[in-house]
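Biologist: I would like to learn how to read a model of this kind, one feature at a time. Could you begin with the idea that a reader needs before looking at a helix?

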Amino acid sequence: MELTIGFIGNPNCGKTTLFNDYTGANLKVANYPGVTVEKVEGSIIKEGTKIHLVDLPGAYSLTSYTLEERVTRSFILSDECDVVINVIDASTLERSLYLTLQLLELGKPVVVALNMMDIVKKRGMEIDLHRLPEMLGIPVIPVSARKREGLDILLHAAIHHKDQNRPDRLIHEHDYVSKHRHHHHEEYAMVYSDKIEDKIDDIIADLKDNYQGVVNERFLALKVLEGDEEILKKFDRLKEYAPMQDEIINEKYAFIEEVIKEVLLYKEKSDALTQKADRILTHKVWGFVIFLVVMALVFFLTFTIGDYIKSYFELALNVLNEGLSNLFDYLNVSSAIKSLVIDGIVSGVGVVITFLPNITILFLALAFLEDSGYMSRVAYIMEGIMSKLGLSGRAFIPMLLGFGCTVPAIMASRTLENHKDRLKVMLVTPFMSCNARLTIYILFSEMFFKSYAMIVAYSMYVIGLLVAILASWIIHLLDRKKSANYLIIELPEYKMPDLHTVGIYVWDKVKDYVIKAGTTIFVATIIIWLLLNLGPNGFGDMQNSFAALLSKKIAFLFAPIGLGFWQIVVALIAGISAKEVVVSSCAVLFGIANASSIDGMNSFLSALNAIGFESINALCLMVFSLLYIPCVATLATIYRESKSLKWTLLEGLFQLVVAYLVTLLIYQAYLLFV
Amino acid sequence: MTLDQGVINKKYQIQKIDLPSFTKRHLEALGMTNKCEVEVLNRKGKGIMMVRFRGSSFALGYNVTRKIEVKEVKAWN
């Protein structure tokens, strides 16, 4: 026997954690809305039944307004979905029941998973778990996704209820007496006033008369009355019915109030810690200062702890280099193969791997910020600034995620309702400095700026942020069809980050980084090595290699921005495949075996100084690397999200022009004043 | 009065939401319906606010708060 269960709930209700619990998947979860933007599937076998589990995007309702809601609604309405598990954050029961009532109207078997009961208890609230199922007519199972409690009984209930299309026994005690011809209180949890019920009956009759094979008639009738565009397009004869959205929504919430009054005790109790923390963290003046300090702390930890662990990676890389060199000598391996492995692959990929500790610390810090609930507050803190740029504070979340990796940041822009905002965010998010670029800053700032390395690297993040803000502002000024932005974002309670959730997040990113080192960077390194060692004169003459000849021809274009060195031009072109490749290419280009170690850096510095590459050139390289064409993975994501090749190419060109202009300004100002 | 004029720690009752239908529906789905009570938790600028209604907290931009008509709910003394 097979069964398909859809997990649906409000954003941030613990759906994905529950899905991970069952399937053993390691999907990313975060303490802010909009993390699951596509449906994700997994399978398990339980009680002799093969169960397909589908994690659906978080939704507050089942209208057809947002992409997440459309994905969720169409899946539940399809024949594919047998049972719906409605995951509810018990601490926000009142708001969550609105979606529950809409799900009940779809006519599919629904089981409620009442998650986060521990928070309810901690706050001092109480939920009557006997009365709630009586009023909704469906099973309500308390679970704790984080503690993996109640999981078996929840699936058992879902399997048991799979064929139940009518509610369990409903017990309501209403004050008013209905004069409606049907006694709907035995059939539906949500019964409207006679006026609306009469209209529903009329529409159902109309549907039966004019359309064949219609199912979910009551749901369709309600959607017609709600003026749902998608449904009205399909059943255009029903457009004549006057919309009653306000009445429907008000009556739903009136019923929810009735339920809450009966099942929820001490509902006014809220989390005192969150309120106290918010007074400080979202203060109108200090909120922004604290945000900057928090981000500075993130990078301080990335450098200090990251560098300490990095030294052990460098040691290991040295041992590997020496071991391979001795082995190749012992085996009499040709110098070309030895050079390819040691100067190419090990130097290139190895130097990228040595930055793994820094990257891990950066993601660990970002994961703590996300899971603690602070990320949503950043939308509030930044709303003032962002609204002046024609964006909502919510748009800052994808931009902030760009500090980690641009690819998920671009995808997170889907949560923005306005298409124009999404394009704008896609345009400026790549300016936010991602982890790949961190490798460039660490290497070059530590080589050229010694004790000021951390400040220089941090300034790259600030420059990226300022350029993104400035670019948004200019676009806003040029935009003739300005549209208003409406910030509405839920603020979850602060909580101690869950180690499992943080672990999944960090592991996911570290895995990506290592895979990238073993694939994109590995291939790019070999290509760079080949282009640097092969030329018209054959093998081994790097000065006359194909890469050198091509780069020397175009290096003059980079001279006004302080980067007119053919080796740097090669590294920058190669860096479009992945930004870490700038570092790995430099290691190959200058033949530095362990570029991030102290000895390696000294050799590297001497080699760079020998070609006239000084501190100002290093600064220009960092700024240009920060701002120029995004990596291939980012461009592919932009193309997928914007569905426009023109926009993707325009974005690449825009970034190249901005990078050139900003670096030109810095270098020319230096030449003018120093 | 409109919500953007609200004072921290005071409660207000929603009278009318004068926003584009998409935004209005979104707010209503979150529970901000007619006569619903809203508590102002924090505010800054002209009227960027942190509010609480139906047991959940939200951040609302000035473009939202200035379009929501409210009346103050007098506390019982």
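Modeller: A residue is called buried if 20 or more other C-beta atoms lie within 10 Å of its own, and exposed if 12 or fewer do. Please keep in mind throughout that this is a predicted model. With that cut-off in hand, we can turn to helix α24 of chain A, residues 566–574, which is mostly covered, since eight of its nine residues are buried.

Biologist: Now to sheets: what is the order of the strands in the open sheet of chain A?

Modeller: The sheet has six strands in the order β2-β3-β1-β4-β5-β7, and their pairing is mixed. The edges are held by β2 (40–46) and β7 (140–142) of chain A, and because each has a single partner strand, one side of each is left without a neighbour in the sheet. Neighbouring strands are turned against each other by 25° on average, with direction ignored.

Biologist: How many bridges join β5 and β7 of chain A, and which helices pack on the sheet?

Modeller: Strand β5, residues 110–115, pairs with β7(A) in the parallel sense over three bridges, and in one of them A:Ala113 has A:Ile141 of β7(A) as its bridge partner. Helix α3 of chain A, residues 93–105, packs on the sheet by touching β1 (2–9), β4 (83–89) and β5, and its direction makes about 170° with that of β4(A). Helix α6 of chain A, residues 151–160, also packs on the sheet, touching β1, β2, β3 (49–55), β4, β5 and β7, with its direction at about 165° to that of β5(A).

Biologist: Is β4(A) largely enclosed or left open by the rest of the structure?

Modeller: Seven of the seven residues of β4(A) are buried, so this strand is largely enclosed by the rest of the structure. A:Val83, A:Ile85, A:Val87 and A:Asp89 point one way from the strand, whereas A:Val84, A:Asn86 and A:Ile88 point the other way, and all of them are buried. β4(A) pairs with β1(A) in the parallel sense over five bridges, where A:Ile5 stands opposite A:Val83. β4(A) also pairs with β5(A), in the parallel sense and over six bridges, where A:Asn86 stands opposite A:Val112.

Biologist: When I turn to chain B, which elements should I look for, and in what order do they run?

Modeller: Chain B has two helices and five strands, which run β-α-β-β-β-α-β from the N terminus on. For its 77 residues, a compact globule would have a radius of gyration near 11 Å, and chain B agrees with this because its own value is 11 Å. Its C-alpha trace spans about 40 × 25 × 20 Å along the principal axes, and 55% of its residues count as buried.

Biologist: How many residues does each chain give to the contact between them?

Modeller: Chain B gives 29 residues and chain A gives 33. On the side of chain B that touches chain A, the elements giving two or more residues are α1 (21–29), β2 (37–44), β3 (48–53), β4 (56–60) and α2 (62–65) of chain B. The largest share, seven residues, comes from α1(B). Sorted by class, this side has 13 nonpolar, twelve polar and four charged residues.

Biologist: Which strand of chain A is joined to β4(B)?

Modeller: Strand β9 of chain A, residues 488–490, runs antiparallel to β4(B) and is joined to it by three bridges. In β4(B), the bridge partner of A:Ile488 is B:Leu60.

Biologist: Finally, where does a residue other than glycine have a positive phi?

Modeller: One of the cases is A:Lys643, with phi near 55°, in the loop between α28 (632–642) and α29 (645–673) of chain A. Another is A:Asn332, with a positive phi of about 60°, in the loop between α12 (286–331) and α13 (335–354) of chain A. A:Lys643 counts as exposed, with 8 C-beta neighbours inside 10 Å, and A:Asn332 is exposed with 7 other C-beta atoms within 10 Å.

Definitions and conventions: Residues numbered from 1 in each chain as written. Chains lettered and ligands numbered in written order. Predicted model: local features only at pLDDT ≥ 70, side-chain atom pairs only at ≥ 80, totals over all residues. Helix = DSSP H or I, 4+ residues; strand = E, 2+ residues; numbered from the N terminus. Pairing = 2+ DSSP bridges. Axes fitted to C-alpha atoms, helices over the stretch in contact; angles between N-to-C directions. Contact = placed C-beta atoms within 7 Å. Nonpolar A, V, L, I, M, F, W, Y, C, P; charged D, E, K, R; others polar. Rg over C-alpha atoms; globule rule 2.2 N^0.38 Å.
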